Amino acid sequence: MGNDSSSDLPVLIGQTGILNGLRWLINGELTIGRDTDCGVVIADRQVSRYHARLTSSLKGLLLEDLGSKNGTYLNGKLVSEPAYLQDGDIIAVALVQNFVFLSSDATMPMESLLPVANSRTGRLRLDARSRRVWIGQQEILPPLSAPQFRLLQILYDQQGKVVARQDLITVVWGEEEAVGISEQAMDALVRRLRDRLSQLDPKHPYVITVRGHGLRLDNPED
């Protein structure tokens with residue numbers, strides 16, 4: 001695990017797996033896999049010997065899958081072509097180990113990996129940078145899908161306020177895609193998010209429908 005380089009270097013932080021909490025500074029190239037020669041070693045048979053690689057370039061940090069058997073995922077989508085990373089991206093290796101990518105080690109102190117997200121209070125806590133969500137002291141695992149997280153995030157940022165359904169659709173799917181999104185698709189997303197939250201707290205609804213207006217987050221004090 002790298003910890004001698006400048007804090008200006010990009011960093012990879014392990015989450016939701018056996019490497020949870022460990023970090024690697026990326027200076028040039030970093031290979032992820034089961035083989036002990038890799039810079040990031042994941043001792044799991046689901047992981048290929050040489051699974052994925054991160055490479056620094058003038059354009060940024062490039063993620064590529066090395067022909068792995070069980071795939072590499074970027075923000076929930078299978079990596080079929082090399083892709084440049086953005087700050088806060090989530091990488092999943094064979095769905096057994098997650099990492100969050102940060103453009104600089106200085107952008108996230110280790111304390112922010114703990115379940116004390118933003119300055120909001122309440123039983124539900126959300127960390128936008130690492131895309132992690134907690135209810136009480138329990139983290140929602142596996143992580144929410146990207147659409148579920150975006151929906152929850154806008155409600156969390158506007159905590160207690162009613163957010164119009166069309167505004168939510170635009171944020172979740174983007175302005176261009178939002179035009180073709182049906183009410184049924186939005187309802188299905190809300191239902192899936194409620195189902196995930198209820199797994200940890202079945203007695204509280206959290207996502208409240210205000211008929212004729214939109215949705216709001218009801219986040220009780222812990």
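Asn75 is partly exposed, with 25% relative accessible area. Here buried means under 20% relative accessible area, exposed means over 50%, and partly exposed lies in between (1.4 Å probe, protein chains only). The model is predicted: local features need pLDDT of at least 70, side-chain atom pairs count only at pLDDT 80 or more, and totals for chains, interfaces and linings use all residues. Residues are numbered from 1 along each chain as its sequence is written, and side-chain values use heavy atoms, with hydrogens and water left out.

**Around Asn75**

Asn75 sits in the loop between strand S7 (72–74) and strand S8 (77–78). Helices (H or I, at least four residues) and strands (E, at least two) are DSSP runs, numbered from the N terminus. Leaving aside neighbours within four places in sequence, Asn75 contacts Asp89, Ile90, Arg131 and Ala146. Contact means heavy atoms within 4.5 Å. Asn75 and Asp89 are 14 residues apart along the chain, and their C-alpha atoms are separated by 6.2 Å.

**Strands**

Strand S12 (residues 124–127) is covered on both faces. Leu124 and Leu126 are buried on one side, Arg125 and Asp127 on the other. In a regular strand the side chains alternate between the two faces of the sheet. S12 runs antiparallel to strand S13 (residues 132–135), and four bridges join them. Two strands pair if DSSP finds at least two bridges between them. Trp134 in S13 is the bridge partner of Arg125.

S16 and strand S17 (residues 214–217) run antiparallel and are joined by four bridges. Val210 stands opposite Gly214 in S17.

**Helices against H4**

Helix H4 (residues 183–198) also packs against helix H2 (residues 165–173). Helix H1 (residues 146–157) packs against H4 as well. Axes are lines fitted to C-alpha atoms, for helices over the stretch in contact, and angles run from 0 to 180 degrees between N-to-C directions. Angles under 35 degrees count as roughly parallel, over 145 as roughly antiparallel, 65 to 115 as roughly perpendicular and the rest as oblique.

| Helix pair | Angle | Axis separation |
|---|---|---|
| H2 and H4 | about 80 degrees | 11 Å |
| H1 and H4 | about 85 degrees | 10 Å |

H1 is therefore roughly perpendicular to H4. In H1, the contact is made by Pro147, Gln148, Leu151 and Leu152. In H4, they meet Met186, Leu189, Val190, Arg192, Leu193, Arg196 and Leu197. By class, this contact has eight nonpolar, one polar and two charged residues. Ala, Val, Leu, Ile, Met, Phe, Trp, Tyr, Cys and Pro count as nonpolar, Asp, Glu, Lys and Arg as charged, and the others, Gly among them, as polar.

H2 and H4 are roughly perpendicular to each other too. Arg165, Leu168, Ile169, Val172 and Trp173 of H2 make the contact with Glu183, Ala185, Met186, Asp187 and Leu189 of H4. Seven of the residues in the contact of H2 with H4 are nonpolar, none are polar and three are charged.

**Salt bridges**

The whole structure holds six salt bridges. A salt bridge is a side-chain nitrogen of Lys or Arg within 4 Å of a carboxyl oxygen of Asp or Glu.

Arg165 and Asp187 form one, at 2.9 Å from N to O. The pair links distant parts of the chain: Arg165 is in helix H2, Asp187 in helix H4, 22 residues apart. Asp187 is partly exposed, at 36% relative accessibility. Salt bridges with shared partners join Arg165, Glu183 and Asp187 into one network.

Arg49 forms a salt bridge with Asp35, and the closest N and O atoms are 2.6 Å apart. Arg49 lies in the loop between strand S4 (40–41) and strand S5 (52–57), and Asp35 in the loop between strand S3 (29–33) and S4, so the pair ties together parts that are 14 residues apart in sequence. Arg49 is partly exposed at 44% relative accessibility, whereas Asp35 is buried at 12%.

Arg132 forms a salt bridge with Glu139, with 2.8 Å between the closest N and O atoms. Arg132 is buried at 8% relative accessibility. Glu139 is buried as well, at 18%.
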